[in-house]
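Dear colleague,

Here is the structure I said I would pass on to you. My notes on it follow below, beginning with the charged side chains.

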Amino acid sequence: MINKTVQNVTEALEGVHDGMTFMLGGFGLSGIPENAISELVRLNLKKLTCISNNAGVDDFGLGLLLQKKQIDKMISSYVGENAEFERQMLSGELEVELTPQGTLAAKCQAAQQGFPAIYTPAGYGTEVAMGKETREFNGKMYVLEEAYKADFAFVKAWKGDKAGNLIFKGTARNFNPVMCGAATITVAEVEELVEPGELDPNQIHIPGIFVQRIFQGKDYEKRIEQRTVRQKESL
Amino acid sequence: MLDKNGIAKRIAQEVKDGYYVNLGIGIPTLVANFVRDDIEVEFQSENGILGMGPFPFEGEEDPDLINAGKQTITALPGASYFDSAMSFGMIRGQHVDLTILGAMEVAENGDIANWKIPGKMVKGMGGAMDLVASAENIIVAMMHTNRAGESKLLKKCSLPLTGVGCVTKIVTNLAVIEVTQKGFKLLERAPGVSVEEIQNATEGTLIIDGEIPEMKL
C-alpha cells in the first residue's frame, strides 16, 4: 500500500500559494470540501482561479473566499445563490467564465484521463462557443473544449482509506470524482478515514492512484441550501 | 387559462411508460406530481441521481441527497447515484427520453433562451445548454407572455441563446404548441381560451389548421 495520509488540513494544503488554479468538488453546498475551504480562508491566499460548479452562498462554501476577495476568476456553470458573487461580477471585480455544466464535468474528466480536449454539442450556436473551433460529425455541430489545467483539486468523499481509495455518498458525489487526478495534486478530505482493507474493493468509486493526499476531515457542517419536506398524511 | 399546476398537469400527459425524464427547475418540477401512477417512469436529476422520489418527511432531510435545484429529496427503490460526467453522459448520449424545462423566450425555429439577461440576471446556464443540445424530445413549460405582457413565443429570440433549433413542444397557460419547420403549430387551447387570444399573445408565426380542440385535463 502506498500511504497517502497526511495528518491534517494544513499538511494537506502544503504548497498552495497566491495566483494558483484550484478545482473544488461539490454541487451547491452538497459534497463541498469544507475543511480545505476553511484553510484557504485562513491562509488568505489571493488572486485565485477557482473551477467549481457553483460559488457557494454568501456565508458558506466558496462564498467565504469571495467575501475576502481571494478569488480573481471563477469558472462555474451556475452562480445564482450568491448575492456577493453577482455584485462582484456585475461590477467587474471578478472575472467569470460561465460554462455548461456537462462541459465543465467533461473538461475536468478530460484532464483526469489525458485528453487535451473534447468535442461537445453543448453551447453550439450560443455565445459560449464564440471564438472556439467547431466541427461537424455525422451532420451535427460540436464545439472543441480544452481540458482544464489546475494546480490543486480539493475533493470531499464519505469514506476513504489510507491508500487514497474513495467512496462517495448520495448526490454528494457530483463533481468530486471527475476532479480526482485532474490537477497536479489532488487532496481528498473524508468523513471517515479507515485502514486499507476495510473498504470493499468492489465498491471503490475512485482508486487511490488519482489521489495524492488524504486526511480525516472534521467539524462538517453539511449545510442544506433548500430544505424541502412533505407532511406526513394523517390516516 | 391554466395556472402553473395546470401547465404541469398537461405536460404530465406527454410522459410515457418506460421514460427516463429530466425535469428543470420551476414549473417542470411540478410535473412529477401529475404523472399517472399506472406507468413506470424514472426521474433524472443532473447532479447525479436516477430514480428521484418526493421530498423527505420532516426530520428525514439528508444534505447528501438533493436535486439540481438544491432541494432535499428522497431516492426510490431502484435508484442510482453517479458523478456529474456520467450524468451528462446520459444526457449527451441521448439516453434520457424526455427533457422538460422552462424558458424566457422560444423562437419559431425552436431556438431557446433561458439563462441570461445581459446586465441584469447572470446566474449561469447550469445544465440547460447540455440538455437542449442533446435531447431529441424537449418540452418547454412557461407562461405565454412575460410580466410586461409581451409574447415569449417570438420570430427570433432577443436574449442570448441557450440552444438552437431544439425545442419540439411548448405548453403554456394558453396553449399546446408544436414547433415545426414552418413555425408554431397550434395543437390545443387551454380551457376557456380562444384561438384569437392565443394569436394575440404570440409574436412568432402561428399556424392554425382547422378546428383547435380544447385541452383535456
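In chain B, the side chains of B:Glu14 and B:Arg10 meet in a salt bridge, with 2.8 Å from N to O; please keep in mind throughout that this is a predicted model.

When its neighbours within four places in sequence are left aside, B:Glu14 is in contact with B:Tyr19, B:Leu98, B:Ile139 and B:Lys169.

A second pair in chain B is B:Arg189 with B:Glu214, whose closest N and O atoms are 3.8 Å apart. Because B:Arg189 lies in strand β14 (residues 183-189) of chain B and B:Glu214 in the segment after β15 (206-207) of chain B, this pair ties together parts that are 25 residues apart in sequence. B:Arg189 is buried, at 18% relative accessibility, whereas B:Glu214 is partly exposed, at 37%.

Turning to chain A, A:Glu191 forms a salt bridge with A:Lys156, and the closest N and O atoms of the two are 2.9 Å apart. A:Glu191 belongs to strand β10 (residues 185-194) of chain A and A:Lys156 to strand β8 (residues 152-161) of chain A, so the pair ties together parts that are 35 residues apart in sequence. Here A:Lys156 is buried, with a relative accessible area of 4%, while A:Glu191 counts as partly exposed at 27%. These two residues also belong to a network of salt bridges in which A:Lys156, A:Lys169, A:Glu191, A:Lys222, B:Asp62 and B:Asp64 are linked. Over all chains, a search of the whole structure finds 23 salt bridges.

I also looked at one helix of chain A. The buried residues of α4 (residues 83-90) of chain A are A:Phe85, A:Glu86, A:Gln88 and A:Met89, and because they cover an arc of only 165 degrees around the axis, they are on the same side of α4(A). What covers these buried residues includes α3 (63-67), β3 (71-76) and β4 (95-98) of chain A, together with β9 (121-122) of chain B. The N-terminal end of α4(A) is capped by A:Asn82, which has a side-chain oxygen 3.2 Å from the backbone nitrogen of A:Glu84. After α4(A) comes A:Gly92, whose phi is positive, near 85 degrees.

Finally, chain A holds an open sheet of 3 strands in the order β5-β7-β6, with antiparallel pairing. Since β5 (117-120) and β6 (134-137) of chain A stand at the edges, each with a single partner strand, one side of each is left without a neighbour in the sheet. From one strand to the next, the twist averages 35 degrees. Between β5(A) and strand β7 (residues 140-146) of chain A, which run antiparallel, there are 4 bridges, and A:Ile118 stands opposite A:Glu145 in β7(A).

How values were computed:
Residues are numbered from 1 along each chain as its sequence is written. Chains are lettered from A and ligands numbered from 1 in the order in which they are written. This is a predicted model: local features need pLDDT of at least 70, side-chain atom pairs count only at pLDDT 80 or more; totals for chains, interfaces and linings use all residues. Side-chain values use heavy atoms; hydrogens and water are left out. Two strands pair if DSSP finds at least two bridges between them. Helices (H or I, at least four residues) and strands (E, at least two) are DSSP runs, numbered from the N terminus. Axes are lines fitted to C-alpha atoms, for helices over the stretch in contact, and angles run from 0 to 180 degrees between N-to-C directions. A salt bridge is a side-chain nitrogen of Lys or Arg within 4 Å of a carboxyl oxygen of Asp or Glu. Buried means under 20% relative accessible area, exposed over 50%, partly exposed in between (1.4 Å probe, protein chains only). The arc is that of the directions from the helix axis to the C-beta atoms. Contact means heavy atoms within 4.5 Å. A polar contact is a pair of N or O atoms within 3.5 Å; within protein, one must be able to donate a hydrogen and the other to accept it, and residues adjacent in sequence count only if both atoms are side-chain atoms.
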